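Dear colleague,

Please find below the structure that I am handing over to you, with its sequence. My findings follow directly after it.

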Protein chains: 2
Amino acid sequence: MNKAELIQQIRNKKSYLCVGLDTDLDKIPAHLLDREDPIFEFNKQIIDATRDYCVAYKPNVAFYEAYGAKGWMSLEKTVAYIGKTHFTIADAKRGDIGNTSSRYAEAFFKNMPFDSITVAPYMGEDSVTPFLQFEGKWVILLALTSNKGSQDFQLMQENDEQLFERVIKKANTWGNTENLMFVVGATHPDYFTRIRKIAPDNFLLVPGVGAQGGDLAAVTRNGINKDCGLLINSTRDIIYASKGTDFAEAASKKAQDVQKEMENLLLENKFL
Amino acid sequence: MNKAELIQQIRNKKSYLCVGLDTDLDKIPAHLLDREDPIFEFNKQIIDATRDYCVAYKPNVAFYEAYGAKGWMSLEKTVAYIGKTHFTIADAKRGDIGNTSSRYAEAFFKNMPFDSITVAPYMGEDSVTPFLQFEGKWVILLALTSNKGSQDFQLMQENDEQLFERVIKKANTWGNTENLMFVVGATHPDYFTRIRKIAPDNFLLVPGVGAQGGDLAAVTRNGINKDCGLLINSTRDIIYASKGTDFAEAASKKAQDVQKEMENLLLENKFL
């Protein structure tokens, strides 16, 4: 999915919601556990229940890898099931020397039809650019993450520049706003204004709303641009809204609530 | 494998060689391609041919993931085949928020019997510590990598400290020399002296000798400590020493050459 199509989806649905698929056998409803592939069955029902209210899905690859080859198959089925109507994000946080990053890119962009992958920037240019060689695919590069540990290294400062700012500036010389987004955590709402100065036109993927405590309204006010420019991820609040047989219905209701809130924020911030 | 056992292996074999298993269907001998699992068949023969000359194996996870669930099964079989006689490294460069890193740790430490995993430090403490919760398992944290892109962010400097130094110092407050190693590329031999000042007792995993141009003698001289403290990785020079039916024999010969060179360096540097 290219940038124009993504923006159109946001306009159509009045939503910039991304639903995280961190599917965990310990957390999904018990009645699914005797299915042949409980993870895929759960995802399928969550996707059917939420697809009208979100523009993107983000399976967290760790939750599939934790089940080995079987988990990998659940992931393959999940991304195929989502289809072309939604922007798909492999939340994999990969990154290695050039010939190795090429292999990761193959895994997610050729063997699976993901639109994008999250990438860790620590190893620099040649670890990121192999992912940018795939026409129509996106890198979503970690900049300022939502977790407590984001303060350990990402705020390191040389002269007037912090590490996450250097990451954004350098990466924008490797890619462009049609193939490069950044991860910026909702737990740092004040930083969005600064980030928009150095990345006015990139989409930002924003985790940390909900369970991690980020503020949707503040993030939207400080981060929105002419294209909306935001994908806000929510996971646990939606997919685990209920542990009962009504889990899909509860997820649908919760996703719709978030969509309504987003619609209001898009109006307030004059995107709609 | 714990630190004392690893040191004993190095003494017994007079080798600190780690063989990288970046197994690529485009590069392995053609006669293996009609086997049921050509990747595992290749690895098996390489392992049999080199196990007397090395102390560790490092499958590069990207090369398995690139083949999806099937590749994942080849990886599972490979680590099982290596067994307990060698230190096993999942070269995965993972790292995510706490509950996600726990899942990656499960994948490599519980579902597969790897001794260690390479981890990217960008997300800080809570992305690294979940891997340190597994008794007897190791984190090998990226510090100063061997690739050109290592200069983009890892050398960023605040006051008198560069990013890779901050990574090493902070990480040594999260783990200790029994569960934490660092990746330092052989392409930076002069940095080893500085790194030994802040990490005198950690093992260092050193890629970049061979195809990437690092100098084994210089790295050893500057990086060796009382426990040897080095695992030097070589991949392409060994596993792709021949593309013919004699590939295993060629790999064995090459690994033995490196072992001999290492034995001399261990003598010269008074470890033996």
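Which residue in β10(A) is the bridge partner of A:V19? The answer is A:S234. Please bear in mind throughout that this is a predicted model.

Strand β3 and its neighbours

Strand β3 (residues 87-94) of chain A deserves a separate description. On one side, β3(A) pairs with strand β2 (residues 56-59) of chain A in the parallel sense, over two bridges; here A:Y57 stands opposite A:T88. β3(A) also pairs in the parallel sense with strand β4 (residues 116-119) of chain A, over three bridges, and A:A90 stands opposite A:I117 in that strand. Together with helix α5 (residues 98-110) of chain A, β3(A) and β4(A) make a right-handed β-α-β unit.

As to burial, eight of the eight residues of β3(A) are buried. In a regular strand, side chains alternate between the two faces of the sheet. Both faces of β3(A) are covered: A:F87, A:I89, A:D91 and A:K93 are buried on one side, and A:T88, A:A90, A:A92 and A:R94 on the other.

The two chains

The same surface serves both copies, since 100% of the contact residues of chain B recur in chain A.

Where the chains meet, 46 residues of chain B are in contact with 46 residues of chain A. Several elements of chain B each supply at least two residues to this side, among them α4 (68-82), β3 (87-94), α5 (98-110) and α8 (163-174). By class, the side of chain B that touches chain A has 18 nonpolar, 14 polar and 14 charged residues.

With kind regards

Methods
Residues numbered from 1 in each chain as written. Chains lettered and ligands numbered in written order. Predicted model: local features only at pLDDT ≥ 70, side-chain atom pairs only at ≥ 80, totals over all residues. Contact = placed C-beta atoms within 7 Å. Helix = DSSP H or I, 4+ residues; strand = E, 2+ residues; numbered from the N terminus. Nonpolar A, V, L, I, M, F, W, Y, C, P; charged D, E, K, R; others polar. Pairing = 2+ DSSP bridges. Buried ≥ 20, exposed ≤ 12 C-beta atoms within 10 Å, placed from the backbone. Right-handed = clockwise from strand over helix to strand, strands pointing away.
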